[in-house]
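I opened my notebook to get to know a structure that was new to me. Come along and look with me.

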Amino acid sequence: MLRYALPCWVAGVVLSFALPSVPHWAGWAAAFLCAAAAAWKFRPAAGLLFLLAGAAYSVWRTEAALQRQWPLDRGGTAQLVVEVADMPRRDGRRVQFTGNAQDGRGGRFTLLLSDYRLRDWPVGSRWRVSARVRPVVGEVNLRGLNREAWALSNGIGGIGSVGRERVRLEAGGGGIAVWRDAVSRRWQGVQTGGHDFSDGLGLMRALSIGEQSALRPELWQAFRPLGLTHLVSISGLHVTMVAVLFGWLVRLSLQRLPLVPARPRLWVLAGGLAGALLYAVLAGFSVPTQRSVLMLAVFAWAWWRGSGASGWDGWWQALAAVLLFDPSAVLGVGTWLSFGLVAALVWVSAGRLNARGRMAAVRGQWAASLLSVVLLGYLFASLPLASPLVNALAIPWFSWVLTPLALLGSVLPFAPLQWTAAALAEYTLRLLVLLAGHAPEAAVAAAPLPLAVLAAVAALLALLPCGTGLRPFAWLVLAGFAFYRPAAVAEGRLKAVVMDAGQGLSVLVRTKEHDLLFDTGTAGG
């Protein structure tokens with residue numbers, strides 16, 4: 001049963017977020033006693049104990065996180081002492097930053113604050129301000145952003161806007177955030193010899209320190225039909241590639257030493273993890289990068305133990321470690337994209353451990369692309385059809401050229417190096433914008449959850465070796481998922497769907513013959 005302990009525990013954590021209400025402690029105790037009694041007579045029932053343990057742990061951690069959010073019954077203006085915790089983001093309309101705030105009652109909160117007066121908020125500075133703060137409350141969209149889940153998974157306790165009055169309490173402090181701010185300012189001050197490399201400099205800031213606001217909204221719109229958003233956001237792919245690069249450098253150094261250590265693999269793994277950790281810290285050590293480093297550490301540990309552990313053992317251990325560190329990772333789209341794609345790679349490599357070279361890379365790309373059809377279609381209702389081909393070329397270019405140049409230019413502010421990096425990034429972005437204008441993109445209807453789960457299973461069956469006889473049925477299910485359409489509105493009936501569009505609400509009114517969409521959100525949304 002120990003082999004199934006982690007999957008059952010993980011299932012408990014995931015299912016805890018589907019509970020309609022939190023049971024009383026007596027209910028938990030009764031459930032544990034019943035499960036223990038069943039396991040005493042029927043050993044496989046012990047899995048239920050692990051499932052309940054995962055659910056109870058997740059509920060406990062989630063309740064503790066909710067206690068750190070801004071109270072629902074507190075409205076109006078509050079007097080706060082705020083320390084700017086990360087680099088502010090400017091969009092021409094406001095300055096938005098994350099602040100560690102303390103109110104007059106001694107409560108401490110992590111708030112996402114906006115200043116519509118476009119004032120400067122240095123990283124690490126502390127201010128006494130008046131702000132209108134409210135809890136993060138939003139509508140639950142069928143697809144797209146769930147504002148409350150996003151806030152909980154990122155540790156945001158409330159949102160608000162800063163008033164006119166503010167008093168600075170002390171100068172900017174130290175720490176990683178201040179260092180990242182200094183790196184950003186150095187990139188912004190790079191002289192490009194009269195050339196307009198502003199977008200390239202912005203990409204360097206995004207790849208090195210995770211400053212995504214350095215890129216214009218038009219560029220983000222271009223990344224979507226190409227399926228390249230994950231290459232610009234600091235994700236598990238970047239952290240893994242940096243770890244591989246550092247591990248390779250350590251291995252290369254060990255080969256040059258006259259005396260090789262007794263355990264060279266341990267040194268290579270330690271060097272790779274150290275590089276991943278340094279990169280995550282440079283990128284702000286955000287919640288997604290924390291999960292990436294933790295997942296990488298677990299996989300490295302599984303590799304260090306040797307052939308006794310399978311790829312699936314490492315996958316379950318990594319997922320359990322991430323959820324143990326933060327159960328709210330269940331609510332993050334990035335969690336399931338990362339683990340889903342890794343699962344596809346583990347699945348397709350089962351029984352093919354000796355595969356090397358170009359065929360292994362092609363097989364891995366095919367597996368990731370096929371499972372992405374289900375994940376992207378269900379989560380975002382859109383399929384970038386050119387994504388597999390574009391990613392096959394863009395991933396090596398971003399991972400082995402642009403990202404290392406961004407890191408080198410951040411650590412070693414050598415003007416010719418930074419200028420060259422900015423030029424390569426600029427022309428890369430111009431090419432991507434040109435391609436995005438011609439890239440096909442298919443819209444997918446919001447399929448129900450059972451069909452999405454069935455499609456994920458079908459994708460895994462389609463990746464099985466030939467001869468299983470299940471591939472025709474798998475392709476049939478995948479076609480049903482891609483071409484699914486909900487039932488039309490009946491004659492004489494009207495269906496209204498209210499959606500959270502960020503700055504307000506959007507309403508879709510449907511009849512049998514017509515669709516009316518009122519308010520599509522902000523201009524940059």
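Here are my entries, one topic at a time.

**Ground rules.** I am working with a predicted model, where local features need pLDDT of at least 70, side-chain atom pairs count only at pLDDT 80 or more, and totals for chains, interfaces and linings use all residues. I count residues from 1 along each chain as its sequence is written, and side-chain values use heavy atoms, with hydrogens and water left out.

**Helix H7.** I looked up which residues of H7 (217–226) are buried, and found Leu219, Trp220, Ala222, Phe223, Pro225 and Leu226. Buried means under 20% relative accessible area, exposed over 50%, and partly exposed in between (1.4 Å probe, protein chains only). Helices (H or I, at least four residues) and strands (E, at least two) are DSSP runs, numbered from the N terminus. The cover over these buried residues includes helix H6 (198–209), strand S7 (382–384) and helix H16 (415–436). After H7 comes Gly227, with a positive phi near 70°.

**Salt bridges.** How many salt bridges does the structure hold? I noted twelve, each being a side-chain nitrogen of Lys or Arg within 4 Å of a carboxyl oxygen of Asp or Glu.

- Arg224 and Glu441 meet in one, at 2.9 Å from N to O. This pair links distant parts of the chain, since Arg224 sits in helix H7 and Glu441 in strand S8, 217 residues apart. Arg224 is partly exposed at 41%, and Glu441 is partly exposed at 31%.
- Asp326 pairs with Arg291, with the closest N and O atoms 3.4 Å apart. Asp326 lies in the loop between helix H12 and helix H13, Arg291 lies in helix H11, and they are 35 residues apart. Asp326 counts as buried at 16% relative accessibility, and Arg291 counts as buried at 12%.
- Arg94 and Asp91 form a salt bridge at 3.5 Å, N to O. Arg94 counts as buried at 14%, whereas Asp91 is partly exposed at 46%.

**Two packed helices.** How do H10 and H11 pack? I read an angle of about 175° between H10 (264–282) and H11 (287–305), with axes 10 Å apart. That makes H10 roughly antiparallel to H11, a term for angles over 145 degrees.

Terms used: Axes fitted to C-alpha atoms, helices over the stretch in contact; angles between N-to-C directions. Parallel < 35°, antiparallel > 145°, perpendicular 65-115°, else oblique. Contact = heavy atoms within 4.5 Å.
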